[in-house]
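Subject: Structure handover

Hello,

Here is the structure I am passing on to you. My notes on it follow below.

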Amino acid sequence: MTLGELLAVLARRWYLMLPLTLAGLLAGGWLYTTVPVQYTSQSSISLLDSTAVARLAPTYGNPLSNAGGSLVVTADVLIKTLQSSDAASDLHKRGVGDPYTVGFAAGASGPLVSFAVTGTDRAHVLAETRRLTDFAQEQLQALQAASRVAPQYYVKAAPIVLPQTPVSQQKSRYQYVAAVVIACTTAGFLLSFVVESWSRARRRRRGLPARADRARPAVRWTRQRALLRRPLDAATILTGYLLLAFFVPSNMALPALGGAGTPANVFALLGLFWYVASWLTGRITPAAGTRGPRLAMCVLAAAVLMSYVADATRAGSHEEVLGADRGLILLLVWVSLVVLASAGISDRDRLDTLLRRVVVMATVVAAIGYYDFFARTNIADSISIPGLHTSVAGIEAMDRGDFVRPRSTTAHPLEFGGMLAILLPFAIQQAFDPVRRKAAWIRRWGPVAVMGGALPLTVSRTSIIGIALVALVMVPRWKPQRRWTALGLMAASVGVFKVLVPGLIGTITTLFSTFLSNSDSSTQARTVKYSAIVPYLRERPLFGRGFGTFSPDLYFFTDNQYMLTAAEMGALGLLALAVLFLTGIHHGGAIRRLARTESDRELGQAFFASSVVALVISATFDALSFPMYAGMFFLVLGAGGSCLGFLHRPRPSVPEAGGAPPRSPAAAAPAAPADLVESR
């Protein structure tokens, strides 16, 4: 469906679109003038161990601090105490009536506790923050006194950030306004096309011809513009999404939508509207055999919606409510990518073109990572786009050993490495593709070298595990000559890194050796989080606390997608996550079994390897919290379903000797009804 046809339908159904849009604007303006400005004040304290710990402690030690051990457990106990209803009641008696939050300070791995109070009275908010900070220190002493800890072994609280002057929070007001305007505009858009579809169906039942778009002014203007007349397809829309996803830093988003409002995500939602409009008017019909990824998304949607209901049944903070709302937006974005890729691509050549574009753009992002590594900087820090704000505070160049970990245009080096790891199999498949055999060597193997070489530069276990999994899945399926050549090149690449980047291989080896010996600080921090999250899992084991609510600002980083999913969506969420991964693996295996050519067989192996990598590395970081990685994962999932659908379709008939040449699958398909043909 072209943009001109879409505008023609909206013009024809103006009596639906215009009133609802105006109602949304008026309601948004009313909210902007009536919703009071909120102010937030913050403070932080750090827990300090007692001076007596330096001497031999009594046998009972300090039950909260483990006799000088990790104070993270102590901080977690204090946070849970302050989050209890009893603490809220005591604070209310002391005059703290506005909403407050208590949690680990963002980005802190130690016992640093942060407080925030939000209200409409600036002076009152500051006073409440002081009372909350003092109450926390009193509660810390009361907990230790109740455990009969000797005073000399008390863990103390030292203020690190004193209660700050409250600052206005316009974001919440903008979010209310944006929600109302978007809801009304979306309702008008969908209702217009529902009525258009109903009108077309009624004319067909009466045997009337389809009504052509009349030459109204908007239509005449449209026909004068080649852009509006050009046919759109899902591959074109997904290409626009890829451009925004890869080349606009993934930590930059619209202020009113938070982390879910990246330009790429907004464009994906517009693509979903285009698909719904095309489907309602009969321009697109999902092909047979492509339902797998969409059914998997139905399971995920059920888990997200049930967790949203579960969040509504508990007394969550305002930030958690907003997080749950952003979770619904992310779900729609992921659904859009899967639907566009699996149901919107009707031509196999367009699917191959889309996959080549993914690899080319990922190669450019990887090349930017080389600049970050050798220049010891992050190029994304110097990018500023008017109207967009960073959704992740405090991102700077991250060091490990003597090296700066690149992140290119992603939000974190782990996202950079994870994204390249799930796309590397497609670069390898395209390099071996017989169709591209006549292409220049650099065009075929350049992406493999650039993407594969960028992964070790992240100096992370996730990237190395990703490379190893790609090799373990793809190499054994190759012929012996290719297999031994690949193994030799991988061994030689290790030597090249030793020469060109001295110390890198040793640093990576040390990462794994300290991990296996449990002497790595990051590994110990994750072990502490495993035990810290158990109470949340026991509290709501089935549906979780709400998708998008377990944010680091309120709780802590999980560094594990399975753990985060269990906390946010419970057992149903874990089931949905497993269904997603297994669906991708099934697509790869089925494509490989049904393949009619060697090229398709290797493409199936690439889908299989990509899904296996996603399955494993999701245990090493909270993968779906990063927009670029999540977008590529769901795009690949939908593309796998689309490719499998093409293989399920019957082969074109072979003509007899002297007959006409075989038709392409598109030509062999039955003609569409006259009233469903696009107008030109």
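Tyrosine 15 is part of helix α2 (residues 14-34); helices here are DSSP runs of H or I with at least four residues, strands are runs of E with at least two, and both are numbered from the N terminus. This is a predicted model, in which local features need pLDDT of at least 70 and side-chain atom pairs count only at pLDDT 80 or more, while totals for chains, interfaces and linings use all residues. Residues are numbered from 1 along each chain as its sequence is written, and side-chain values use heavy atoms, with hydrogens and water left out.

Tyrosine 15 counts as partly exposed because its relative accessibility is 39%; buried means under 20% relative accessible area, exposed over 50%, and partly exposed in between (1.4 Å probe, protein chains only). Together with Trp14, Leu18, Leu22 and Leu25, Tyr15 forms a nonpolar surface patch with about 520 Å² of accessible area. Patch members have over 30% relative accessible area and no salt bridge; like charges are joined within 9 Å and nonpolar side chains (Val, Leu, Ile, Met, Phe, Trp, Tyr) within 5 Å. Areas come from the Shrake-Rupley method with a 1.4 Å probe, and for residues only the protein chains shown count as cover.

The chain as a whole

The protein chain has 23 helices and nine strands. Of its 680 residues, 49% count as buried. Among contacts (heavy atoms within 4.5 Å) with a separation of 6 or more, 78% are between residues 24 or more positions apart.

The cores

The largest nonpolar core has 107 residues, and Phe246, Leu300, Leu423 and Phe634 have the most contacts inside it. Such a core is a set of buried Ala, Val, Leu, Ile, Met, Phe, Trp, Tyr and Cys residues joined through side-chain atoms within 4.5 Å. Helix α22 (residues 627-648) gives the largest share of this core, 14 residues. Beyond its neighbours within four places in sequence, phenylalanine 634 touches Met297, Leu300, Trp334, Leu337, Val338, Leu580 and Leu624. Another core lies apart from that one; it has 34 residues, including Ile79 and Met563. Ile79 is also one of the buried residues of α3, a helix (residues 72-82) with eight of its eleven residues buried.

Salt bridges

There are 15 salt bridges in the structure, each a side-chain nitrogen of Lys or Arg within 4 Å of a carboxyl oxygen of Asp or Glu.

- Arginine 283 pairs with glutamate 5, with the closest N and O atoms 3.7 Å apart. Arginine 283 lies in the loop between α10 (263-280) and α11 (291-312) and glutamate 5 in helix α1 (residues 3-12), so the pair ties together parts 278 residues apart in sequence. Both arginine 283 and glutamate 5 are buried.
- Glutamate 602 pairs with arginine 482, with the closest N and O atoms 2.5 Å apart. Glutamate 602 is in helix α21 (residues 598-617) and arginine 482 in helix α17 (residues 480-500), 120 residues apart. Glutamate 602 counts as buried at 11% relative accessibility, and arginine 482 as partly exposed at 26%.
- Glutamate 539 and arginine 545 meet at 3.1 Å, N to O. Glutamate 539 is partly exposed, at 48%, and arginine 545 is buried, at 6%.

Regards
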